[in-house]
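Q: Hi, could you walk me through this protein? I'd like to ask about the strands and then a few other things.

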Amino acid sequence: MLAEAVASQAHDHAPYGGVVPEIAARAHAERLDGAIADVMARAGLAFADLDVVAATAGPGLVGGVMAGLSMAKGIALAADTPLIAVNHLEAHVLSPRLTAPLAFPFLVLLVSGGHTQLLVAKDVGAYARLGATRDDAAGEAFDKTAKLLGAPPPGGPAIEALAKRGDPARFTIPRPFRGAQHCDFSFAGLKTAALRIWETSAQSDQDRADLAAAVQAAIADVLADRTARAAALAKAQGASALAIVGGVAANATVRTELQRVAEACDLTIAAPPLKWCTDNAAMVALAGAERYHRGLIDDWTVAARARWPLDAHAAASAPVLGSGRKGPKA
Ligand code: KG4
Ligand code: ZN
């Protein structure tokens, strides 16, 4: 890694309590050129020095993705390099390989703001889904709980901070699908349970911390249970490692619970450093490099995609929540 930068726009969205698509698109268009000029200068490179240009092409809020992909096309055209359009979910899946070797096949728990899935990564570009959320993603459960408790976005870090002074055992939060034979998830009920408890409490600082701790514990517990179920299937397919990736993989309680699962299932565990759990360009560059080395070059006509499932099977069948689409909004 020669240089990297994050041009955060969290501040722009803060007054609205969530990400506003129009603001996100404009912020990308306004900040991309400055961020790219900055990393090029720090890397000591000119565009003519580049071998290949990679950018996220989805899935996600399409305005921001379009701004980034158009910029990448412009640079690749000017520098006369190939273009790689990266599925940002694939970048999450490969992200542990930024810092340590991780051999295929491996089991992946992908947990972010828009997705919660269990996959077997067989190779670059070859992913088989074992399970996915049937409604909200785990990150959404964190974000909605934070909103309920009046904590500022992004919700995950806010809940994690509150939970540090909370008692996770004081309130009872359901564990949907715990012990089920399949490998799917459901998180929509957690939000409703949290709402009921919050409305009937005194809404004191301690209530807030205890409820945050209870929700975090429930999410971590369900993620661990569903991953343990998938571990048996993945091991039968030759996996010997578990990778936990995506924004929610930055959560210390989630990491601890998944570490326990890995030990119990005799899998080694791999996770990117915290800063490369949430969306970042380093993982997109890595996915781009891995595709480039396999000759997986894209055409100039490649378009930004709001939905883009990782596994070919899901792409061929009806749209499934958790495979590239956000759950229903509350
Ligand atoms: O991967 P990501 O940056 O973007 C998507 O692709 O969605 O994930 C963002 C999600 C948000 O829901 C955010 O609240 C959650 O990851 N998140 C966390 C933590 N840091 C980010 N959730 C729990 N604990 C954290 N420390
Ligand atoms: Zn992401």
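Q: Which residue is the bridge partner of leucine 242 in strand 7?
A: The partner of leucine 242 is isoleucine 269. Keep in mind that this is a predicted model, where local features need pLDDT of at least 70, side-chain atom pairs count only at pLDDT 80 or more, and totals for chains, interfaces and linings use all residues. Residues are numbered from 1 along each chain as its sequence is written, chains are lettered from A and ligands numbered from 1 in the order in which they are written, and side-chain values use heavy atoms, with hydrogens and water left out.

Q: How do strand 6 and strand 7 run?
A: Strand 6 and strand 7 (residues 268-270) run parallel, joined by three bridges. Two strands pair if DSSP finds at least two bridges between them. Strands (E, at least two residues) and helices (H or I, at least four) are DSSP runs, numbered from the N terminus.

Q: And what joins strand 3 to strand 6?
A: Four bridges join strand 3 (residues 106-111) to strand 6, and these two run parallel. In this pairing, leucine 109 stands opposite isoleucine 244 of strand 6.

Q: Is strand 6 mostly covered or uncovered?
A: Mostly covered: five of the five residues of strand 6 (residues 241-245) are buried. Buried means under 20% relative accessible area, exposed means over 50%, and partly exposed lies in between (1.4 Å probe, protein chains only).

Q: Which residues sit on each side of strand 6?
A: Ala241, Ala243 and Val245 are on one side, with Leu242 and Ile244 on the other, and all are buried.

Q: What about strand 4, how does it run against strand 3?
A: Strand 3 and strand 4 run antiparallel, with six bridges joining them. Phenylalanine 106 stands opposite alanine 121 in strand 4. The two strands form a hairpin with four residues between them.

Q: Why is strand 4 called largely enclosed?
A: Because six of the eight residues of strand 4 (residues 116-123) are buried.

Q: Switching topic: where is threonine 81?
A: Threonine 81 lies in the loop between helix 3 (62-79) and strand 2 (83-87). Threonine 81 counts as buried because its relative accessibility is 7%.

Q: What does threonine 81 touch?
A: Not counting residues up to four places away in sequence, threonine 81 touches Leu50, Asp51, Val52, Val53, Ala76 and Trp300. Contact here means heavy atoms within 4.5 Å.

Q: And lysine 147, buried or exposed?
A: Lysine 147 is exposed, with a relative accessible area of 57%. You'll find lysine 147 in helix 5 (residues 138-148). The C-alpha atoms of lysine 147 and glutamate 4 are separated by 31 Å, and the two residues are 143 apart along the chain.

Q: Let's zoom out: how many helices and strands does the protein chain have?
A: The protein chain has 11 helices and seven strands. Of its 330 residues, 48% are buried.

Q: What does the C-alpha trace span?
A: Along its principal axes, the C-alpha trace of the protein chain spans about 60 × 50 × 35 Å.
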